[in-house]
Every structure is written in C-alpha cells, then in structure tokens.
Amino acid sequence: MNRRAVEAGDRILSAYAIDPGKPCAGFGDNCLWVITEADRSVTTILLPEEY
C-alpha cells in the first residue's frame, strides 16, 4: 500500500514494534507509527493512542 501511496502522492503509514520480541498488530501496545503526509512536508512519529 505504501508503494502505491508513493506513486499516487498519498500519505504513507508504517507501523513498527517497539520491542521486536513482542508482536505488533499495527495498533495498540508495543506499536510505533511513522506517518508521512501526502505532500511529503512532514513526517510524524507517534504512538497509536496519540493519533
């Protein structure tokens, strides 16, 4: 989906496990989000509950 977002000029979202030894379902505990806006002007790093 991110590859398509880059091609279409849309927002890019990635989710990473904070502790690699624990699962990350893309939301909730142990998850960190990296969001780049569609115009590529801002990249934000946050926890899902901060969104």
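1. Two strands pair if DSSP finds at least two bridges between them. Keep that in mind for the sheet described next. The model is predicted. Here 3 strands form an open sheet, in the order β1-β2-β3. The pairing is antiparallel.

2. Which strands lie at the edges of the sheet? They are β1, residues 12-17, and β3, residues 43-46. Each of these edge strands pairs on one side only. Neighbouring strands are turned against each other by 15 degrees on average, direction ignored.

3. Strands of a sheet pair through backbone hydrogen bonds, either parallel or antiparallel. Take β1 and β2 to begin with. They pair in the antiparallel sense over 6 bridges. One point to find on screen is Tyr 16, which stands opposite Leu 32 in β2.

4. Now the other side of the sheet. Strand β2 covers residues 31-36 and is joined to β3 by 4 bridges. These two strands also run antiparallel. Look for Trp 33: its bridge partner in β3 is Leu 46.

5. How many residues lie between β2 and β3 in their hairpin? There are 6. Arg 40 sits in the turn and has a positive phi of about 65 degrees.

6. The cysteines deserve a careful look. A disulfide is a covalent bond between the sulfur atoms of two cysteines. A search of the whole structure finds 0 disulfides.

7. Last, the confidence. The chain averages a pLDDT of 91. A score of at least 70 is reached by 100% of the residues. Where is confidence lowest, and where is it highest? It is lowest in β1, at a mean of 92, and highest in β3, at 96.

Methods:
Residues are numbered from 1 along each chain as its sequence is written. This is a predicted model: local features need pLDDT of at least 70, side-chain atom pairs count only at pLDDT 80 or more; totals for chains, interfaces and linings use all residues. Side-chain values use heavy atoms; hydrogens and water are left out. Axes are lines fitted to C-alpha atoms, for helices over the stretch in contact, and angles run from 0 to 180 degrees between N-to-C directions. A disulfide is a pair of cysteine sulfur atoms within 2.5 Å. pLDDT is the predictor's confidence in each residue, from 0 to 100.
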